[in-house]
Amino acid sequence: MPELRRGPTSNRWVIVAPERAKRPSDFERKPAPASTEEKPGACPFCPGNEHLTPPEIYRIQGPDGWRVRVVPNKFPALQDYHELGRESVDGVFDRMHGVGAHEVILETPDHNCGLADMAEEQAKLVLDAYIARIQDLMKNPWFRYILLFKNHGKEAGASLAHPHSQIIATPIVPQEVRSSLQTARAYYRSKERCLFCDVMLGEIRSGERIVELVDGYVVSTPYASRFPFELVVYPRTHSHDFTTLSPEQRYGLARTLVRTLGRLKALLGDVPYNFVLKTTPNPVPRPGQPDYWSTLPYDYHWRIAILPRLTQVAGFEWGTGFYINPMPPEDAARYLREVKLPESCAS
Ligand SMILES: [Zn+2]
Ligand SMILES: [Zn+2]
């Protein structure tokens, strides 16, 4: 069973999930076997192979079959338990059960049509599924953060090529999120303005790192980008909660995501990337901190980070938390702006 452990000196929680790999041979370096999904008809996410996934949680049905499906991850990093099981082992080692949820969103029945090429209508259905699942998981007060992410390409962690994204609900607010929440709150307390709105305005005024301003969204390369062609998509209207998007705003975001990923693909080819949704934690009240999240609607701003995996995170980065980025974000934005956008898939 998965378990959460807190490093006593790093203060970082780690999920120990032995179900995902058991023997040293699982980690051995060997020539990559032809992956199953490359054999015709063997992809567990393709229509006709629904029996190869765990039982479905959610579906959007079209006239000729499903358009989007959500299933539990076959090898979950976290699972539903009846109790959190918080405890300390030998005084200093904190642990708890691996309480959570791990779901996979199958974005399309079309094996070969990823988000970068997708019809806007289909991408909007993907967003509908994201929102429906996040809203449902938020009902569980044990799930303090619902992380939605996408790994595209082997180097970015995707084990299957069929377009899919994932949701992991965790029983703690991850350190990365907590740190940005604290920065945003401190800024709001001193200025009574949203930090992210201010950053966005600064970017729009300077224009140097803007890739596109379209459909109510700002796409830019962050000022201190860690990776070449790193991107962030902000809604122009202040909102801390991604799940409150209206249908019209969802269409706008679908268009923006497809165009932005399309730009990356047109410029660099089918590069591996991760995308991560940063949105409000589950605002469940917690003992001893009754006002902990009370300023969130004012000081936090949801956004989507897109991180192409073109450089290695190596010793220096691990040792320091610094990143060395060989591509100035101003140049990256200019290259991306100048791209001619490709056509979408027919679906
Ligand atoms: Zn497939
Ligand atoms: Zn804002």
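Strands E8 and E9 pair in the antiparallel sense, over 5 bridges. The model is predicted. Within this pairing, Leu148 stands opposite Ile167 in E9. E8 also joins strand E13 (residues 273–278). That pairing is antiparallel too and has 5 bridges. Here His152 stands opposite Tyr273 in E13.

Next, helix H1. This helix covers residues 120–138, 19 residues in total. From first C-alpha to last, H1 reaches 27 Å, close to the 27 Å expected at 1.5 Å a residue. Its buried residues are Gln122, Ala123, Leu125, Val126, Ala129, Tyr130, Arg133, Ile134 and Met138. An α-helix has 3.6 residues a turn, so residues three or four places apart point the same way.

What lies over the buried residues of H1? The cover includes strands E3 (58–62), E4 (65–72), E7 (101–106), E8 (145–152) and E9 (164–170), along with helix H4 (247–268).

The largest nonpolar core has 59 residues. Those with the most contacts inside this core are Ile105, Ile146, Val233, Leu257 and Val258. H1 supplies the largest share of the core, 7 residues. In soluble globular proteins, nonpolar side chains tend to be buried together.

Which residues does Ile105 contact, leaving aside its neighbours within four places in sequence? They are Val68, Val70, Val126, Ala129, Tyr130, His164, Ser165 and Ile167.

Definitions and conventions
Residues are numbered from 1 along each chain as its sequence is written. Chains are lettered from A and ligands numbered from 1 in the order in which they are written. This is a predicted model: local features need pLDDT of at least 70, side-chain atom pairs count only at pLDDT 80 or more; totals for chains, interfaces and linings use all residues. Helices (H or I, at least four residues) and strands (E, at least two) are DSSP runs, numbered from the N terminus. The expected span of a helix is 1.5 Å times one less than its number of residues. A residue is buried if 20 or more other C-beta atoms lie within 10 Å of its own, exposed if 12 or fewer, and partly exposed in between; C-beta atoms are placed from the backbone. Two residues are in contact if their C-beta atoms, placed from the backbone, lie within 7 Å. Two strands pair if DSSP finds at least two bridges between them. A nonpolar core is a set of buried Ala, Val, Leu, Ile, Met, Phe, Trp, Tyr and Cys residues joined through C-beta atoms within 7 Å.
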